[in-house]
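Here is a friendly walk through one model, written for someone who likes to know the cut-offs. Have the coordinates open as you read.

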Amino acid sequence: MPKTHYRGRFAPSPSGPLHLGSLLAATASFLDAKAHHGEWIVRIEDIDPPREQVGASDAILQALLDHGLQWDGDVMYQSHRSAAYDTVLARLMQEDTLFYCTCTRAELQGHPVYPGTCRDQRRPPARLAALRLSADGSDQQWQDGLQGPQQWSMSEVGDTILKRKDGLYAYQLAVVVDDHAQGISHVVRGIDLLDSTPRQLFLYQRLGWQPPAFSHMPVILDANGNKLSKQNHANPIEAANAAHNLRRCLGWLGQAEPPKNTTSVQAILRFAVEHWQPTAIAGHRDIALT
Ligand SMILES: [Zn+2]
């Protein structure tokens, strides 16, 4: 079924409060959706409890509202989606495209691409095992909305983990199952996820599902050249600075500056939707935090 209606999304993991890097991604995906008269949904990717912070989901949602980023419909929580993930895993297992991987981290060291060691292990072994999706030699190509034509060979991507050895569902599985279930037509996200896209496209292909369009936007780098992230202890953003934060994001995205007398977050976003120019960010890969 062709996806004629634009539906975008922002899908944070609750490993900490919203920071400027995640606000930038939220704002860009929101503006692109609204400029296309589309919907914008929020999904909390809470499938990795050891990395999550108590209260972070609610804090992220509140921060989005403080910045005028009101989502459409209900928030989806991946922690409630186990049955859907299991159904897809069972189907892939039945179609003989998964295998059990018992490799240890030490065994995989020095292999940038999974060497295929366990490919013949099609029955559950006695030890703890991850589930990997067998890659083939195909090329995954897409026209990236911001980075232009992309082409990745699956032989250089390797066999993607869909369920981890510790029993947790992998990001690559959950994101594809949920983007499909929610009818997401356009994904606008950070360029740090560019190498996830061939893995996800391959999974869409295996499942016979139509993938969304992908646009990979620049990410903010700190003074040391690291991506601004919760892991790098980026500062949480404050509601009191919401208008200023949005203006900074628009500046980083190369967008027109709202008039000085535009002060409410709603008015700033309205202006930004009306003047949205994705071409102004096309081709950029990173942004220095200034
Ligand atoms: Zn293995």
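His37 sits in the loop that links H1 to strand E2 (39–44); helices (H or I, at least four residues) and strands (E, at least two) are DSSP runs numbered from the N terminus. This is a predicted model, in which local features need pLDDT of at least 70 and side-chain atom pairs count only at pLDDT 80 or more, while totals for chains, interfaces and linings use all residues. Residues are numbered from 1 along each chain as its sequence is written. Although His37 is not a glycine, its phi is positive, at about 55°. Is His37 buried or exposed? His37 is exposed, because 9 other C-beta atoms lie within 10 Å. The scale behind that word counts other C-beta atoms, placed from the backbone, within 10 Å of the residue's own: 20 or more is buried, 12 or fewer is exposed, and in between is partly exposed.

Asp96 belongs to the loop between H3 and strand E4 (98–101). Asp96 is a residue other than glycine with a positive phi, near 65°. With 9 other C-beta atoms within 10 Å, Asp96 is exposed.

## Along helix H3

Helix H3 covers residues 82–94 and includes Ala90. Ala90 is exposed, since it has 11 other C-beta atoms within 10 Å.

Met93 and Arg123 are 30 residues apart along the chain, and their C-alpha atoms are separated by 9.8 Å.

## Where H3 meets H6

How do H3 and helix H6 (residues 171–181) cross, and at what angle? Their axes come within 10 Å and cross at roughly 105°. Axes here are lines fitted to C-alpha atoms, for helices over the stretch in contact, and angles run from 0 to 180 degrees between N-to-C directions. H3 and H6 are therefore roughly perpendicular, a label for 65 to 115 degrees; under 35 is roughly parallel, over 145 roughly antiparallel, and the rest oblique.

On the H3 side the contact is made by Ala84, Tyr85 and Val88, and on the H6 side by Leu173, Ala174, Val177 and Ala181. A contact means C-beta atoms, placed from the backbone, within 7 Å. By class, the contact of H3 with H6 has seven nonpolar residues, no polar and no charged ones. Nonpolar covers Ala, Val, Leu, Ile, Met, Phe, Trp, Tyr, Cys and Pro, charged covers Asp, Glu, Lys and Arg, and the others, Gly among them, are polar.

## The core around Ala174

Leu173 and Ala174 touch the most other members of the largest nonpolar core, which has 66 residues. Such a core is a set of buried Ala, Val, Leu, Ile, Met, Phe, Trp, Tyr and Cys residues joined through C-beta atoms within 7 Å. Helix H1 (residues 20–35) gives the most to this core, with eight residues.

Leaving aside residues up to four places away in sequence, Ala174 touches Glu45, Ile47, Gln78, Arg81, Tyr85 and Tyr169.

## The whole protein

The protein has nine helices and twelve strands, and 38% of its 290 residues count as buried. Its C-alpha atoms fill a box of roughly 65 × 40 × 35 Å along the principal axes.

Technical notes: Contact = placed C-beta atoms within 7 Å.
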